[in-house]
Amino acid sequence: MAISLVFPYSQAPGVGQGYYVAQDPLGTRGVVTVASTAGPVHLVITRYNAPTFEFTVPAGTTFSVSIGNVQTIGLLALGAPITGVLYYLIEA
């Protein structure tokens, strides 16, 4: 059974915000999707025993990644306000 989490976001320029923290110290596995309606969104995913994943999602686009060992998911507004929705589909 999968768990779906939805986080609408709206952040001022230069503001970073964490949206997900895994309860399991080894992290979770799933699909992270960032839908950006305004501003470039810098996605940061920290992982257990694996490199941190970072990607900048251009304004007006959507980006998805299937990834494991997820410990935290955060977004950073790069120089402009950002709005959109962050989705995390956790695989069980």
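Predicted model: local features only at pLDDT ≥ 70, side-chain atom pairs only at ≥ 80, totals over all residues.
Which residues does Val32 touch, not counting residues up to four places away in sequence?

**Entry 1: Val32**

I listed the contacts of Val32 and left out residues up to four places away in sequence. The list consists of Leu43, Ile45, Phe63, Ser64, Val65, Ile67, Ile73, Leu86, Tyr87 and Tyr88. I return below to two of these contacts of Val32, namely Phe63 and Tyr88.

**Entry 2: the nonpolar core**

I next looked up the largest nonpolar core, which has 21 residues. Val32 and Ile73 touch the most other members of this core. I then asked which elements give two or more residues to the core, and found β2, β3 (28–38), β4 (41–47), β6 (62–77) and β7. The most comes from β6, which gives seven residues.

**Entry 3: overall fold**

I checked the secondary structure and found zero helices and seven strands. Along the sequence, the pattern reads β-β-β-β-β-β-β. The radius of gyration is 12 Å, close to the 12 Å that the globule rule gives for 92 residues, so the protein is as compact as a globular protein of that length. Along the principal axes, the C-alpha atoms fill a box of roughly 35 × 25 × 15 Å.

Among contacts with a separation of 6 or more, 72% are accounted for by residues 24 or more positions apart.

**Entry 4: burial and surface**

I recorded that 36% of the 92 residues count as buried. The protein exposes about 4800 Å², and carbon and sulfur atoms supply 61% of that area.

**Entry 5: aromatic pairs**

I searched the whole structure for aromatic pairs, and the search returned four. One of them joins Tyr20 and Tyr88 in an edge-to-face arrangement, at 5.0 Å centre to centre and with 70° between the planes. Tyr20 lies in strand β2 (residues 16–21) and Tyr88 in strand β7 (residues 82–91), so this pair ties together parts that are 68 residues apart in sequence.

Are these two tyrosines, Tyr20 and Tyr88, buried or exposed? Tyr20 has 11% relative accessibility and therefore counts as buried. Tyr88, at 0%, counts as buried too.

I then turned to Phe55 and Phe63, which form a stacked pair: 4.0 Å centre to centre, with 15° between the planes. Their accessibility classes had to be looked up one by one. Phe55 counts as partly exposed because its relative accessibility is 32%, whereas Phe63 counts as buried because its value is 17%; the cut-off for buried is under 20%. Ring pairs also bring in Phe53, which is linked with Phe55 and Phe63 into a cluster.

**Entry 6: Met1**

Met1 lies in the segment before β1 (3–11). Its relative accessibility is 84%, so Met1 counts as exposed. Which residues does Met1 touch, not counting residues up to four places away in sequence? I found Ile90 and Ala92. Met1 and Ala92 are 91 residues apart in sequence, yet their C-alpha atoms are 5.5 Å apart in space.

Technical notes
Residues numbered from 1 in each chain as written. Heavy atoms only, no water. Helix = DSSP H or I, 4+ residues; strand = E, 2+ residues; numbered from the N terminus. Buried < 20%, exposed > 50% of the residue type's maximum accessible area, 1.4 Å probe, protein only. Contact = heavy atoms within 4.5 Å. Phe/Tyr/Trp six-rings, centres within 6.5 Å; stacked < 30°, edge-to-face > 60°. Core = buried A, V, L, I, M, F, W, Y, C linked by side-chain atoms within 4.5 Å. Rg over C-alpha atoms; globule rule 2.2 N^0.38 Å. Areas by Shrake-Rupley, 256 points an atom, 1.4 Å probe, with all protein chains shown as cover.
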